[in-house]
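Please read it alongside the sequence and the coordinates.

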Amino acid sequence: MKQNIYDNNEFFQQYKALRARENNYNNLLEQPNFLTLVPALKDKVVLDIGCGMGGFAAACVNQGARHVTGIDISANMIATAKSLHTYENLTFEQAAFEDLIVPTASIDFISSSLAFHYIADFSQLIKKISVALRSDGILLFSIEHPIATSNKANEYSITDETGNILHFALDNYQNEGLRTQHWLVDNVMTYHRTMSTVLNTLIDNGLKIEKIIEPMPTDEAIAKLPSIQKELRRPSFLIVRARKV
Ligand SMILES: C[S@@+](CC[C@H](N)C(=O)[O-])C[C@H]1O[C@@H](n2cnc3c(N)ncnc32)[C@H](O)[C@@H]1O
């Protein structure tokens, strides 16, 4: 089932506030690592899935891409993206990726930052991406790490009486599927899959894995946001770059 939680107004306002903070997990951890794996984009055709407010799609235009399309299920996101970024060769479209028709072998670079864990059928998603990519094309995506998604609906960590984390909880890892949790609002739906499912699905669809990053905070990031230190103990994100062979 597709959930469009970013069009829930309470969720969207809180999400925007979170992203507006300079020292958030996106700016300190996920994006700095994600950006190291972006290929050369001169004259390339790009699709950004779950483009959100469009910042990455616009950056691809600035990197010399021939045409960039950002798609997102959320009307709020697409309206914001259109209001912030205008280029002749940049298109934003409100669509669920599941419903999008993408011509075969038409795209050089498909990116997606922190959106795939909202999509129920990972196998169909990757199959469609593989068909859409040109030979030698690149898929780069980040997701919430399987270690973090496994236990979502349950206890996150065991703390002592002063709030220090003694242990992170890891349970139900092998039980893939829907996790419904409170994140900003109640009943946010995401999907857990194991590391082997994520990687084997790429392999089974003709995508050669080139690099995997489980981001760790730098000293500078820790100085800006001390609580991010816990990312040295277990990863929150998984970033994968793969090539269509
Ligand atoms: C965490 S936000 C990330 C936004 C953006 N990629 C960024 O990093 O700033 C996840 C985005 O995925 C979008 N999304 C969720 N399910 C989707 C689907 N089935 N098809 C397209 N977009 C989807 C959401 O609306 C949201 O904008």
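## Ligand site

A polar contact is a pair of N or O atoms within 3.5 Å; within protein, one must be able to donate a hydrogen and the other to accept it, and residues adjacent in sequence count only if both atoms are side-chain atoms. In this predicted model, local features need pLDDT of at least 70 and side-chain atom pairs count only at pLDDT 80 or more, while totals for chains, interfaces and linings use all residues. Residues are numbered from 1 along each chain as its sequence is written, and side-chain values use heavy atoms, with hydrogens and water left out.

The ligand is surrounded by 19 residues, and the closest are Arg19, Gly50, Asp72, Glu98 and Ser113. The side chain of Arg19 has an N or O atom 2.9 Å from an oxygen atom of the ligand. For Asp72, a polar side-chain atom is 2.6 Å from a ligand oxygen. Glu98 places a polar side-chain atom 2.8 Å from a nitrogen atom of the ligand. On its own the ligand has 590 Å² of accessible area, of which the protein covers 93%. Accessible areas come from the Shrake-Rupley method with a 1.4 Å probe; for residues, only the protein chains shown count as cover.

## Salt bridges

The whole structure contains eight salt bridges, each being a side-chain nitrogen of Lys or Arg within 4 Å of a carboxyl oxygen of Asp or Glu. In one of them, Asp99 pairs with Lys2, with 2.9 Å between the closest N and O atoms. This pair links distant parts of the chain, 97 residues apart: Asp99 is in the loop between strand E3 (90-94) and strand E4 (107-113), and Lys2 is in the segment before helix H1 (9-20). Helices (H or I, at least four residues) and strands (E, at least two) are DSSP runs, numbered from the N terminus. Asp99 is exposed at 51% relative accessible area, whereas Lys2 is partly exposed at 40%. Buried means under 20% relative accessible area, exposed over 50%, and partly exposed in between (1.4 Å probe, protein chains only).

Glu210 and Arg243 form another salt bridge, their closest N and O atoms being 2.5 Å apart. Glu210 lies in strand E10 (residues 207-213) and Arg243 in strand E11 (residues 237-244), so the bridge ties together parts 33 residues apart in sequence. Glu210 is partly exposed at 30%, and Arg243 is partly exposed at 23%. Through shared partners, salt bridges join Asp136, Glu210, Arg241 and Arg243 into one network. Glu231 and Arg234 also form a salt bridge, at 3.3 Å between the closest N and O atoms, and both residues are buried.

## Cysteines

A disulfide is a pair of cysteine sulfur atoms within 2.5 Å, and the search of the whole structure finds zero of them. Cys51 is in no disulfide; its nearest cysteine sulfur is that of Cys60, 11 Å away. That distance is too far for a bond. Cys51 is buried at 8% relative accessibility, and Cys60 is buried at 2%.

## Leu41

Leu41 sits in the loop between helix H2 (25-35) and strand E1 (45-49) and is buried, with a relative accessible area of 3%. Leaving aside neighbours within four places in sequence, Leu41 is in contact with residues including Val46, Cys60, Arg66 and Phe109, where contact means heavy atoms within 4.5 Å. Leu41 and Thr86 are 45 residues apart in sequence, with a C-alpha to C-alpha distance of 18 Å.

Methods
A residue is near a molecule or strand if one of its heavy atoms lies within 4 Å of it.
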